[in-house]
Amino acid sequence: MSSNVNIPRLDLNDYLNGTPAQKEKFSNDIGNAFNETGFVTITNHGLDADLINKLYSEVQNFFTLPEEAKLKYEKVELAGQRGYTSKGREKAKDSKTPDLKEFWQTGQYVEDGDSIKDEYPDNVKVEEYPGFNEVTKEVYQKLEKAGKQILNAISVYLGLPENYFEDKVNNGNSILRGIHYFPIENPDVLPADAVRAGAHEDINLITLLIGASADGLEVLTQQGEWFAIKAHGEDIVVNVGDMLQRLTNNKLRSTTHRVVNPPRELMKNSRYSVPFFLHPKSSMDLSSLDSCIDDKHPKVYADITAGEYLDERLREIGLKK
Ligand SMILES: O=C(O)CCC(=O)C(=O)O
Ligand SMILES: [Fe+2]
């Protein structure tokens, strides 16, 4: 039942500045939660309340623009990987009905002369709101930093060198997504299975989510029950994605989650959230680690690189043709 769903609230400062015992406890707690539920909430992640408020206000500014203005920023040829994706385009992998959302995606800023810059499309700038471009860049870089620190803690849990992921995620293909779950004006005309975000697993290594303090996010427990996640104030939710699940041969779980529609009386309200999908470089080998394979845990997945895997998944969710 819900009382034993392990989604601990962990303090990142314990890992960064704590005693050796606090550091070790952080690694164990996050590893065990990722093994059981795939989800934790994190405090002291390096983004203060002012920055998060500024982010929300700029994200709201953008989505409040008229549809024609937003459509100027839609890059279907980039499979939505940069700029705006309009209503009705993305659906969960096993669903036929699109999610009730529109979103914006910001990608990597390569600023150290690394030739990997040529692999990535340029970020799209919102002309109407310069503050939008500034705050999304700052949040991208701060969540990337927190994500790398969390990966260090996971490496320790997995018995790998602490810097195992460093070269694989440096200038990686991560995405910051600002999502607007728009008001549902007339619930009676919606397809019966239309939801804000259909049940899915994230594609990437880990996701860091701002905004789960608003109701709606639910995870599927190992007992097959939907469990509502509620983060405190400015805490972020961090979960395992399919790439980390593959790498660890299911030791760390990429748990199914969804965003449900609000009760009828609240359907006219918008919901906003901002996930950061931490991806490695496309060259990362996702073949399962030898240390996660044994007689009790035979190898489950075929070998694949992060780039090949992402391509396959973008086709399944309808963003890439
Ligand atoms: O909006 C949320 O709370 C979660 C969004 C999500 O799961 C996703 O975009 O992958
Ligand atoms: Fe997700």
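In this model, an oxygen atom of ligand 1 is 3.1 Å from an N or O atom in the side chain of aspartate 202, a polar contact being a pair of N or O atoms within 3.5 Å. The model is predicted: local features need pLDDT of at least 70 and side-chain atom pairs pLDDT 80 or more, while totals for chains, interfaces and linings use all residues. Residues are numbered from 1 along each chain, chains are lettered from A and ligands numbered from 1 as written, and side-chain values use heavy atoms, without hydrogens or water.

**Ligand 1**
- A polar side-chain atom of tyrosine 181 lies 2.7 Å from an oxygen atom of ligand 1.
- For arginine 271, a side-chain N or O atom is 2.9 Å from an oxygen atom of the ligand.
- Of the 300 Å² of accessible area that ligand 1 has on its own, the protein covers 96% (Shrake-Rupley method, 1.4 Å probe).

**Shell around ligand 1**
- Residues surrounding ligand 1 (a heavy atom within 4 Å) include Ile179, Leu209, Leu217, Val259, Ser273, Pro275 and Phe277.
- β12 gives the most to this shell, with 4 residues; strands are DSSP runs (E, at least two residues) numbered from the N terminus.

**Iron ion (ligand 2)**
- The protein donors are His200 (NE2), Asp202 (OD) and His257 (NE2), lying 2.1 to 2.2 Å from the iron ion; donors are N, O and S atoms within 2.8 Å of the metal (3.2 Å for Na, K and Ca).
- Their spacing in sequence is H-x1-D-x54-H.
- Aspartate 202 lies in the loop between β6 (197-200) and β7 (206-210) and histidine 257 in strand β11, so this pair ties together parts 55 residues apart in sequence.

Terms used:
Polar contact = N/O pair within 3.5 Å; in protein donor to acceptor, adjacent residues only side chain to side chain.
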